[in-house]
Amino acid sequence: MLNRSEEYIKMSNVEQNHWWYKSLHMLVLKALTNNVKGNECRILDAGCGTGGLLLFLQKKGYNNQLGFDVSNIAVNLCRKKNLNVFKGDLKEIVKSNNSKNGFDVIISNDTLYYLNKEEVVNFINDCHALLNSSGILIMNIPTHDVFGGIHDKSVGIKSRFKSDYLEKVSFNKFEIIDKVAWPFLLFPLILLIRFFQRIKMRLFLNVEISSDIDMPANIINKLLYKVTFWEINNIKHTFFSSSMFVVFRKIDF
């Protein structure tokens with residue numbers, strides 16, 4: 001999605017209100033509340049996009065935060081929101097970060113699909129190097145190929161991951177302290193939508209490549225958020241959905 005300015009602008013316009021982004025932001029907030037004391041922790045959003053999460057956390061009192069993204073479009077949109085963001089690359093996160101101080105929390109949501117297997121391992125190692133003792137790494141990744149569709153093409157998802165992928169690549173670096181397949185209650189609906197997207201791509205050559213992040217009608221958006229919000233706070237064990245949200249704690253050597 002690096003050069004798709006229309007997708008970045010669309011994301012920037014909806015990510016404070018769209019049910020999916022709001023739900024992801026609540027998952028992050030819950031992870032911080034459960035695993036980090038106070039809101040003075042130093043946070044790095046690696047691959048921050050247009051800054052929706054940074055803005056959300058800022059409103060929740062987390063002011064000691066920094067973000068970076070490889071896209072000039074995304075960085076410029078963040079700066080218009082007065083967010084502390086610089087241009088940087090996931091492939092060289094340590095080199096990109098000029099700060100001498102470590103971070104208590106690194107967040108990187110829906111970014112790994114831009115990297116190959118070797119680059120993912122390097123990224124995990126870099127996160128371990130940048131985190132302070134017992135620091136937290138929070139990640140969201142797209143899972144299961146069956147959820148692929150037009151949306152994946154639009155946002156640049158090269159491949160989806162198996163549910164245990166992060167557990168394997170973080171071996172000996174981090175321990176998993178929370179793992180959630182979400183949105184669990186809505187996965188049949190997402191599965192159906194993506195199935196028809198794949199059929200559409202096979203039948204028609206000139207299919208419009210656009211993401212699923214258009215804002216739904218207000219009543220539908222509220223309903224989807226309420227369902228997912230209830231799920232986040234009441235269902236402890238989920239096993240299948242289009243995304244995997246994982247919280248790690250750094251293992252100190």
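Author: Begin with a definition: two strands pair if DSSP finds at least two bridges between them. The model here is predicted. In it, strand E1 (residues 43-46) and strand E4 (residues 103-109) pair in the parallel sense, over three bridges.

Reader: Which residue in E4 is the bridge partner of Leu44?

Author: Ile106 is the bridge partner of Leu44.

Reader: What is the order of the strands in the sheet?

Author: The order is E3-E2-E1-E4-E5-E7-E6, in an open sheet of seven strands with mixed pairing. Strand E3 (85-87) and strand E6 (174-182) are at the edges; each has a single partner strand, so one side of each lacks a neighbour in the sheet. From one strand to the next, the twist averages 15°.

Reader: Which strands does helix H6 touch?

Author: H6 (residues 117-130) packs on the sheet and touches E1, E4, strand E5 (131-142), E6 and strand E7 (243-250). The direction of H6 makes about 145° with that of E5.

Reader: How is the packing of two helices described?

Author: By the angle between their axes and the distance between the axes. Helix H2 (residues 19-35) and helix H3 (residues 52-59) pack at an angle of about 50°, and their axes are 10 Å apart. That angle makes H2 oblique to H3. The crossing of H2 and H3 is right-handed.

Reader: Which residues of H2 and H3 meet?

Author: His25, Met26, Val28, Leu29 and Leu32 in H2 meet Gly52, Leu53, Phe56 and Leu57 in H3. The residues of this contact comprise seven nonpolar, two polar and no charged.

Key. Residues numbered from 1 in each chain as written. Predicted model: local features only at pLDDT ≥ 70, side-chain atom pairs only at ≥ 80, totals over all residues. Heavy atoms only, no water. Helix = DSSP H or I, 4+ residues; strand = E, 2+ residues; numbered from the N terminus. Axes fitted to C-alpha atoms, helices over the stretch in contact; angles between N-to-C directions. Contact = heavy atoms within 4.5 Å. Parallel < 35°, antiparallel > 145°, perpendicular 65-115°, else oblique. Left-handed = near helix turned anticlockwise from the far one by under 90°. Nonpolar A, V, L, I, M, F, W, Y, C, P; charged D, E, K, R; others polar.
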